[in-house]
Every structure is written in C-alpha cells, then in structure tokens.
Amino acid sequence: MTDFTDETRLRALWQDGGAALAPVPLDEIKRRAKGFGDAIRRRNRREYGAAAIVVAIFALYTIVLPELLLKLGSLLVIAGAFIVMWQLSRRTSRTDPDAEAQDVRGYYRARLVREAHMLARIGRWYLAPFVPGLLVFLAGLAKATDLRSPVSFVLLVAFQLSVFGGIWWLNRRAAAMLRAQIDRIDRACSPQGDLT
C-alpha cells in the first residue's frame, strides 16, 4: 500500500533545497537528545496532571449527578484515564545515562523511534479508552437534559469526535516530524553521511 504522507513529505524535502536532508552533527544530536528528554518529562507531567484533574472531576460527577448513565459514564471515563496513564508510563521513552554515555546517537535515535511509534498509535492507547465512557456520559447527558432531537445528539457526539480527531492528527504530525529526524540521523550514520 502506498504511503502518500511519506511521498508528500519527501517531495517537500526535495523542494526544500536539501537543507533538511543535511546530516545532523554529533554536537547537535547531543543538544537535541537533552532537549528531547526534557520535553518528554514536561509532557508526561502535564499528562499526569491532566489525568488527575479528569479523575477528580468525573469522581465528583459520579457522586453529585442523579442520572445512572451519567454516573456509569463518569466511572468509565475514570477507568479510561487510568488506562491512558498506564499506557503512557509503559510506552514513553526513558532516560538511560549508561546508554547515553556510550552512544548518544544510537541512544537518541532509539528514543525518537519509541516516541514516534507511540505518537503514531495515539488513537489506540490514548483516545480509544475514553470513547466508551464519553459515549455513555453523553447519552446520559442527553437523557438528563431531555434532548429529544437525534440531530442534537449526533452534533454533540460529532463535536467530541472532532476534538478527538484533532488530537489524533496533531500527534500523527508530531510522529512524522520525529521520523524525519530519525532519517537525518540515519543519513549521518551512513558512509555517505560521514563524507559530507
């Protein structure tokens, strides 16, 4: 199956005049590896903080909201938040000082590959766990507010799905950017890259 995204990316690189195709010097890789590790730590802290807020809010909903579907949806969203945090902890790349000291280029590349893989599959492990809870919660919201029009309910669901679609697209884009960095490192490691 042809990957048109890669074809478009390659065409953009070709039209870029070759600046993006230049191999990355080792000092630049060291600087990027440090910055990348810092960015991952900051992102993970934000995600864990956001998950704590989601759990607190939907736990409160479980207590105060009267509708059974709203309570059930809230519990499912909480379960989804815990699954996402477990997956984030399991999938994210971690600092390994020993590996970094031995081969910073290979170490940085491995972290990029792991993050690109994680971001490219964001729909499976980050978005999907929230879908059952949100659908049940929205159904409960429609019932509690006496939302009789199916069109209104569909619009409500479509809005949530568009938010999920935006998150999915942004993460896929970030994964493509990481893959471009991996390609540059690979070119720098190749015999032709060493000669340039």
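Predicted model: local features only at pLDDT ≥ 70, side-chain atom pairs only at ≥ 80, totals over all residues.

Visitor: Which residues of H2 and H5 meet?
Guide: On H2 they include Ile 29, Arg 32, Ala 33 and Phe 36. On H5 they include Tyr 108, Arg 111 and Leu 112. Contact means heavy atoms within 4.5 Å. The crossing of H2 and H5 is left-handed: the near helix is turned anticlockwise from the far one by less than a right angle, while clockwise would be right-handed.

Visitor: Why is Tyr 108 called buried?
Guide: Tyr 108 sits in helix H5, residues 104-120. Its relative accessibility is 3%. Buried means under 20% relative accessible area, exposed over 50%, and partly exposed in between (1.4 Å probe, protein chains only). The value of 3% is under the 20% cut-off, so Tyr 108 counts as buried.

Visitor: What does Tyr 108 touch, beyond residues up to four places away in sequence?
Guide: Tyr 108 touches Ile 29, Arg 32, Ala 33, Phe 36, Gln 181 and Ile 185. Take Ile 29: it is 79 residues from Tyr 108 along the chain, with their C-alpha atoms separated by 7.4 Å.

Visitor: How many helices and strands does the protein have?
Guide: Nine helices and zero strands. Helices (H or I, at least four residues) and strands (E, at least two) are DSSP runs, numbered from the N terminus.

Visitor: How do you know that H2 and H3 are roughly antiparallel?
Guide: H2 and helix H3, residues 68-91, pack at an angle of about 165°. Their axes are 8 Å apart. The angle is over 145 degrees, so the two helices are roughly antiparallel. Their crossing is left-handed. The contact includes Phe 58 and Tyr 61 of H2, and Leu 75 and Ile 78 of H3.

Visitor: And what makes H3 roughly antiparallel to H7?
Guide: H3 and H7 pack at about 160°, with axes 7 Å apart. That angle is also over 145 degrees, so H3 is roughly antiparallel to H7. H3 passes H7 in a left-handed crossing. Among the residues that meet are Leu 70 in H3 and Phe 137 in H7.

Visitor: Is Leu 70 buried or exposed?
Guide: Leu 70 is buried, at 3% relative accessibility. Leaving aside neighbours within four places in sequence, it is in contact with Leu 65, Phe 137, Gly 140, Leu 141 and Ala 144.

Visitor: Why is the pair of Phe 58 and Tyr 61 called edge-to-face?
Guide: The search of the whole structure finds five aromatic pairs. In the pair of Phe 58 and Tyr 61, the ring centres are 5.2 Å apart and the planes are at 80°. Rings of Phe, Tyr and Trp (its six-membered ring) pair if their centres lie within 6.5 Å; planes under 30 degrees apart count as stacked, over 60 as edge-to-face and the rest as tilted. With planes at 80°, this pair is therefore edge-to-face.

Visitor: What makes Tyr 61 partly exposed?
Guide: Its relative accessibility is 29%. That lies between the 20% and 50% cut-offs, so Tyr 61 counts as partly exposed. Phe 58, at 13%, is buried.

Visitor: Why is the pair of Tyr 61 and Phe 137 called stacked?
Guide: Their ring centres are 5.6 Å apart and their planes are at 20°, so the pair is stacked. Tyr 61 lies in H2 and Phe 137 in H7 (residues 131-144), so the pair ties together parts 76 residues apart in sequence. Ring pairs link Phe 58, Tyr 61 and Phe 137 into a cluster.

How values were computed:
Residues numbered from 1 in each chain as written. Heavy atoms only, no water. Axes fitted to C-alpha atoms, helices over the stretch in contact; angles between N-to-C directions. Parallel < 35°, antiparallel > 145°, perpendicular 65-115°, else oblique.
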